[in-house]
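Thanks for coming, everyone. Please take a moment with the sequence and the model, and then I will walk through how the chains meet.

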Amino acid sequence: MSPAPPERGRSEQDEVTDAIREAALVAPQRGGHPDRAYAPYRSTALRSPSQPLVVAPASLLEQTAPVFGAKDVAATDADLTVHSTGEPLGERIVVTGRVLDRDGRPVRNQLVEVWQANASGRYAHDGDRHPAPLDPHFTGGGRCLTDDDGRYRFVTIKPGAYPWRNHHNAWRPAHIHFSLFGTAFTQRLVTQMYFPGDQLFALDPIFSSVTDEKAQQRLIARYDHDTTVAEWALGYQWDIVLDGPGATPPDPDEV
Amino acid sequence: MTLDPSPSQTVGPFFAFGLPFDGGGDVVPPGTAGAISLHGTVRDGAGAPVPDALLEFWQAGPDGRIAARAGSLVRDGRSFTGFARVPTDRSGDYVIRTLRPGPVAGSAEAPHLAVTVFARGLLHHLFTRVYFPNHTEANAADPLLSALPEERAATLMAIPDGWFGGPGYRFDVRLQGPGETVFLDLISEAGAVR
Ligand SMILES: [Fe+3]
C-alpha cells in the first residue's frame, strides 16, 4: 500500500488550481461567457445573483445604444505614452484590431476605452497596494473611436503582471482592460485582453473563469510583425466580437 | 457567418482612470426644469455596500425620443444624450441627475431607464431597468413588470423621495440575497444576449 500523499506542502494556489480544473468540468458556458458565481474567484461569492436571470425581450430602447463622436474623444487619447511631459518606462506597444458583431459586420464609430497597469504592474490608483513603482509619466487610461472598418488602435506600454488578494501568492497575468459599445445596449462588453504565452493563465481564476479553451483563446492577442513599427514598438492584433446582432429597425410588416 | 463573441471579464477594482468621466452622472445640468435625482446604494449578498461598482444608464428623453447624438463624455450643457455613467462611492452610493423618460413610440414597455451594473467580483455585467411609479397604467401593461411576482417587480420601481429638497427617486441595487434586484437576460431577434 502506498502512503497517502502528504497534505503538507499543498499551497493555497494548488487548491485554487484544483478548483479551476473542477469548475471547467461543468456544463459549457453560453457564448463562452463566464458564470457569475465562480468559486475560484472568491469575490464572486457575494456579488453574483442567486436568482436566475429573467428572460425578457429587449425593449426598443435597449435595441439602441448611446452614440459617441469626435467631440467625445481627443486624438491624443489613443496614445497612452504622450499624456505626460516625459516618456513612460517599459516596452512600447501598438494594440489594434477590429470590433465586429456576430454577423462579422464592423462596429463603426463606436467608443473603445482601455485601462491598465504600468510596466511594473502598478495601477495609478489609490487602492493599489502593490509595492511596485508608480510611473510619473504613465496613467494608463485611453480612448478611441472605431473607424469605418471597425478598427481601433492604441499606442501604450506593455503592462506588468501584478499580485492580488484572491489567495496566497495570486498573480494576474498581464492584461489590458477593454470597454466596448455596440449599436444596441444589449451588446455592451467589458473584458480583458491578454498577451500570448503567459505562464500565469492556468493559475489565474479570472482568466480561467472562461472555461472553454476556444473561448479563452479569444481573450489572447496575437503578436503581429506587420503591426510592429521598426525601431519603435512591438505590435499586437486583437479582434473583438460583440454579442447579438446590430440594431436593425423593426420590419414594418412584422410590427 | 456567425462569429463567437469575445467573453466578458470583470471590470476589476481599478477602473477609476479608464471609465468614469467628469459630469458622468449629469445627464442634465443643475437647475434644469424638471430635473430629478436618481440615487441609491449597491449592496452585496451580505447587505454590505459595494464601493467598487460602476453603473450605466441609457434612456429616452421626456418626449420619448431616443437621442442619437454624440457628446456624452464631453457634455455641451444643453444637448440631451440620454447616457450616464457613475461609479459608486466608498459607501456604495451613486447619484445621477436626469429627466424622467417619456413613452417611446411603438414600445410595449412602460417608460424605463436601461441599466448596466459592473463591479469587481462580477465576471459579467448585469442588465436591469428602472421604472417610475407614476405611469400606473403603462406599468400595469408592461410585459416584464406584469409577468413578475409583485415583490420582484418592486425591485425595478424607483421610490420617490425628496433629496436635498428637490424631487428625487431612490433605486437600490441588491446583487444577491433578500430583495435581490431582478436582472435581465435580454433577448433580441438573434437570441439571448445576456
Ligand atoms: Fe487589472
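When I say salt bridge, I mean a side-chain nitrogen of Lys or Arg within 4 Å of a carboxyl oxygen of Asp or Glu. By that rule, six salt bridges cross the interface of chain B and chain A, and one of them joins the side chains of Arg102(A) and Asp4(B), at 4.0 Å from N to O.

Some care is needed, since this is a predicted model in which local features need pLDDT of at least 70, side-chain atom pairs count only at pLDDT 80 or more, and totals for chains, interfaces and linings use all residues. Residues are numbered from 1 along each chain as its sequence is written, chains are lettered from A and ligands numbered from 1 in the order in which they are written, and side-chain values use heavy atoms, with hydrogens and water left out.

Taking contact as heavy atoms within 4.5 Å, 81 residues of chain B are in contact with 80 residues of chain A.

Strands, which are DSSP runs of E with at least two residues, numbered from the N terminus, also pair between the chains, where pairing requires that DSSP finds at least two bridges. Strand E1 of chain A, residues 54-57, runs parallel to E10(B) over four bridges, and Val54(A) has Leu184(B) as its bridge partner.

Within chain B, strand E2, residues 53-58, is joined antiparallel to E5(B) by six bridges, with Glu56(B) partnered by Thr116(B), and antiparallel to E3(B) by five bridges, with Leu54(B) partnered by Pro87(B).
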